[in-house]
Amino acid sequence: MRLSKHFIPTMKENPSEAQIVSHRLMLRAGMIRQSSAGIYIWLPTGLSVLNKIADIVREEQNRAGAIELLMPTIQPAELWQESGRYDAYGKEMLRITDRHERNMLFGPTNEEMITDLFKNNVKSYKDLPLNLYHIQWKFRDEVRPRFGIMRGREFLMKDNYSFDLDFEAAKESYNKMYVAYLRTFARLGLVAIPVRADAGAIGGDLSHEFQILAETGESTLHYDKAIEDFDLSSLTGDIDDETVAKLQGLYAMEEEKHDVDNCPVDAADLKTAKGIEVGHIFYFGTKYSASMGARVAGPDGKEVDVEMGSYGIGVSRLVGALIEANHDDNGIVWPESVAPYKVGLINLRFKDENCTNACDTLYEKMENAGIEVLYDDRDVGAGAKFANMDLIGVPWQVVVGPKGLEKGVLELKNRRTGERVELSEEELLAKLG
Ligand code: ATP
Ligand code: MG
């Protein structure tokens, strides 16, 4: 894409409304604009990153055997009256009345709708296990929306729901998702600590929050430093049951649930850090199936309430979390897996015909080779182009100037390390292709 024809409204100055670095950089890099409190417009590069994260999440869900569907954002109140959550959810739920005076709501989550769908379409244990997911916008009227898209009111979530005949099978479904989550965050290059989030009596230990370590995190975590030995940002291969059991056996707890006096880990081995919750998985048994009548016939012909679990990933929150983990003083440093563009092509001398021709040709070659390239073809100074490309965070920058062209070389800069090398066009295309 040519920058002159694109829409990336970057800003030089720090916007005063942003308190944390990811929010500042998303505004400055032209990824988002606020529409109203906690509600954002996703601009082209922001949307591109969001979609790439969603794709990785989707691939790992599919790999784990979950099946994608799409439920609506607007839900009827009746479903929530059945489960008893219509009143319980309180002010966080955005309630809507349609022209026929029917009570509707903008879904903050989908347990009720999926349980109803299951109830109307699945009757036998033979159709189990079943795990359904969607990636859909949610609305929660948060008391204090803040930190940009990190705690928005409208946000994108991947949520799925597992259905099993009994506890043993439900536990297996849970562990599959646990592994899928480890793989998903690792593919994003993130260290996501699975923290025990005791959901109360049911299921006991089958509830984890996945927390990215970051100084700006809203939660305080205490965890066994042995967790670091698992090298969580590279757990992308097959993760065996033994590894899962070991990891689940290690202590990691949020401040509120951490009991200093009864902590099983020696103080010397305990680490404390701030975290951003990017995912939550939990088993809740028959909570919704019992109240909403979602039953299946078991092998003996008797009907039982189906065992359920639900699993969420904050897809839009991850955009912010990734920036918290990947930035420097000059801007964002995208990991290649989710970068809006892989390469930034910088024409140092717009008015020099040789430079412009060389850039145009190289741009075309890259496009033809399927390399995602952002070509800064604007008539502005070199310094501004460098600063802009650094801010946007494109992982590789190709710099074309008159001196290099004389020597027959192009400069390639690695955004993360700052390392620069000179390469021929052929070498460059081979490296980036
Ligand atoms: P939190 O404690 O941060 O409010 P939650 O417990 O309400 O989160 P869940 O209902 O488990 O969150 O939702 C699943 C995931 O959706 C969370 O792990 C988080 O990543 C994301 N999420 C929740 N609320 C928001 C929000 N207001 N803005 C952006 N993402 C959110
Ligand atoms: Mg919440």
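Which pocket is taken by ligand 1? The space that ligand 1 takes is the largest pocket. A pocket here is an open set of points on a 1 Å grid over the protein atoms alone, where a 1.4 Å probe fits, with protein on both sides within 12 Å along at least five of seven lines. The model is predicted: local features need pLDDT of at least 70, side-chain atom pairs count only at pLDDT 80 or more, and totals for chains, interfaces and linings use all residues. Residues are numbered from 1 along each chain as its sequence is written, chains are lettered from A and ligands numbered from 1 in the order written, and side-chain values use heavy atoms, without hydrogens and water.

The chain holds 13 helices and 23 strands (DSSP runs of H or I, at least four residues, and of E, at least two, numbered from the N terminus). Its C-alpha trace spans about 80 × 60 × 45 Å along the principal axes.

Ligand 1 is surrounded by 14 residues (a heavy atom within 4 Å). Arg140, Glu142, Arg151, Gly152 and Glu277 are the closest. Strands β8 (154-164) and β13 (270-285) each supply at least two shell residues. The largest share, 4 residues, comes from β13.

Polar contacts are pairs of N or O atoms within 3.5 Å. A polar side-chain atom of Arg140 lies 2.9 Å from an oxygen atom of ligand 1. The side chain of Arg317 places an N or O atom 3.1 Å from a ligand 1 oxygen atom. Gly152 uses a backbone N or O atom, 2.8 Å from a nitrogen atom of ligand 1. Taken alone, ligand 1 exposes 580 Å², of which the protein buries 80% (Shrake-Rupley method, 1.4 Å probe).

Conventions
Polar contact = N/O pair within 3.5 Å; in protein donor to acceptor, adjacent residues only side chain to side chain. 1 Å grid on protein atoms, 1.4 Å probe; cavity = no way out; pocket = protein on both sides within 12 Å on 5 of 7 lines; lining within 4 Å. Sits in = over half its atoms within 2 Å of the grid points.
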